[in-house]
Amino acid sequence: MSNDNSIKPWGGRFSEATDAFVERFTASVNFDQRLYHHDINGSIAHATMLAKVGVLTEAEREQIIEGLEAIRAEIVAGKFQWSVQLEDVHMNIESALTARIGITGKKLHTGRSRNDQVATDIRLYLRDEIDAVAKELTRLQQGLVELARTNASTIMPGFTHLQTAQPVTFGHHLLAWNEMLERDYQRLMDCRKRANQSPLGAAALAGTTYPIDRAYTAQLLGFEAPTENSLDSVSDRDFAIEFCAFASLLMTHLSRASEELVLWTSAQFNFINLPDRFCTGSSIMPQKKNPDVPELVRGKTGRVNGHLIALLTLMKSQPLAYNKDNQEDKEPLFDAIDTVKDCLRAFADMIPAIQPSKDVMYEAAKRGFSTATDLADYLVRKGVAFRDAHEIVGKSVAYGIDSGKDLSEMSLEELRQFSNTIEQDVFNVLTLEGSVAARNHIGGTAPAQVTAASERAAQKLSRR
Ligand code: ARG
């Protein structure tokens, strides 16, 4: 409990100590301390700029940087004492600097406010995390595309309404996942562009009376440019919302893939095997091997969606400029980042380890009359109108259900009961191989197309 406000940088106008609960309630240091690297980097850039424009002397700048680097080393070593009384990461570091180097430490905050400082820190932090997420996403896509390439001619049933529809190749299915992730990557890069702008120099809200050089600090910190408007600079959290929007959509895609992995590993499907290291057992049922990793990824989608809604709601109706509400931006953003990184890592490790049970997939594609459309197309090519062809094939399927035979298992005589247009060459289209090979155009499931598509995708990834 504090009974003295003198340690607080803003203590001057206060006549009684902050209530101990209020101190805890308003503090963010327990969660914003993870910004320390970026906070120190921002301060070093600010001090360097102040020296360049003559507000600090060169000697003062050096002293400040030395002090900040010593504090960084202390934090890295786990020896830094964080204090709730000092509210947040910014005031903790600033006070430690003054304790270390004396009066010069008190000059660092010249021409700056925590409002532009925190906006700068989060943008710097997010930029690094975006790069880490992009790397994991790329690793996942590389694994997917490689698995697709080696399964360009592995046949499985394709589904609509989760009912067998037409045969497809397993590689084609995996490349569909890759397309979702490719769009996610583009969205992430787009988010990075808008995050990578420097709000430093906006000060509290209106700018500052010192002759600062915002282009210089932007350049020192690797930002693309300074932001345009000081009021917007300290209040804008679009970049956090955009990241969470990217994250929600990515998690939605991972949850869809997870759902399919869960289905495919079930005894009822049995399409793939996931190595034991990605699964866990049951404490009561000895036979069980549960696909916990995809299930958890599917489940974690919920919290990330929650963070997006939390941030949108946080910003809704906020008047300009900075409001303390904005301190609530961090936990949702941080958890979204952590969750997405873990889920991508789990997927990037797991995807290359998938073992497809090709025979099971093939047999499943044979059941469910998956080549019925091929028979209809065959009849159309022989001059039958599509609606009539549809009717003929419908009757053949009904016969197949009664007799327990797939279309490809019927004799020519059996098929000709429904149309005498059918001839021996029908069996070229009724086989699964014939069916997939015939869909031979860009975006189609033919093995030749899947091989080419996976090569194009691999090329694209290698250029990132
Ligand atoms: N901890 C604060 C935050 O995260 C820093 C900015 C505080 N600014 C202020 N004027 N109280 O938003």
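Which hand does the crossing of α10 and α12 have? I looked this up first in the model, which is predicted. The crossing of α10 and α12 is left-handed.

**Entry: α10 against α12**

I took the axes next. Those of α10 and helix α12 (residues 330–350) come within 10 Å. They cross at roughly 35°. Then I listed who makes the contact. From α10 the residues are A240, F243, C244, A247, L250, M251, L254, A257, S258 and L261. From α12 they are L333, A336, I337, V340, C343, L344, F347 and M350. I sorted this contact by class: 17 residues are nonpolar, one is polar and none is charged.

**Entry: α7 against α10**

I turned to the other pair that involves α10. Helix α7 covers residues 170–195 and helix α10 covers residues 238–265. Their axes come within 8 Å and cross at roughly 170°. An angle over 145 degrees counts as roughly antiparallel, so I noted α7 and α10 as roughly antiparallel to each other. The crossing of α7 past α10 is left-handed. I classed the residues of this contact too: 16 are nonpolar, two are polar and six are charged.

**Entry: salt bridges**

How many salt bridges does a search of the whole structure find? I got 34. I followed up several of them.

K52 and D213 pair through their side chains, N to O at 2.8 Å. K52 sits in helix α3 (residues 36–52). D213 lies in the loop between β3 (197–198) and α8 (214–220). The two are 161 residues apart, so I logged this as a link between distant parts of the chain. Buried or exposed? I checked both ends. K52 has 49% relative accessibility and counts as partly exposed. D213 is partly exposed as well, at 22%.

D374 and R439 came next, with N to O at 2.9 Å. D374 belongs to helix α14 (residues 372–381). R439 is in the loop between α18 (432–437) and α19 (447–462). This pair also joins distant parts of the chain, 65 residues apart. Under 20% relative accessible area means buried. D374 is therefore buried, at 5%. R439, at 17%, counts as buried too.

I then opened E414 and K405. Their closest N and O atoms are 2.8 Å apart. E414 has 13% relative accessibility and counts as buried, whereas K405 is partly exposed at 30%.

Last, I looked for linked bridges. Which residues form a network of salt bridges? I found E87, D88, R114 and K324 linked in one.

Note on methods. Residues numbered from 1 in each chain as written. Predicted model: local features only at pLDDT ≥ 70, side-chain atom pairs only at ≥ 80, totals over all residues. Heavy atoms only, no water. Axes fitted to C-alpha atoms, helices over the stretch in contact; angles between N-to-C directions. Helix = DSSP H or I, 4+ residues; strand = E, 2+ residues; numbered from the N terminus. Parallel < 35°, antiparallel > 145°, perpendicular 65-115°, else oblique. Left-handed = near helix turned anticlockwise from the far one by under 90°. Nonpolar A, V, L, I, M, F, W, Y, C, P; charged D, E, K, R; others polar. Contact = heavy atoms within 4.5 Å. Salt bridge = Lys/Arg side-chain N within 4 Å of Asp/Glu carboxyl O. Buried < 20%, exposed > 50% of the residue type's maximum accessible area, 1.4 Å probe, protein only.
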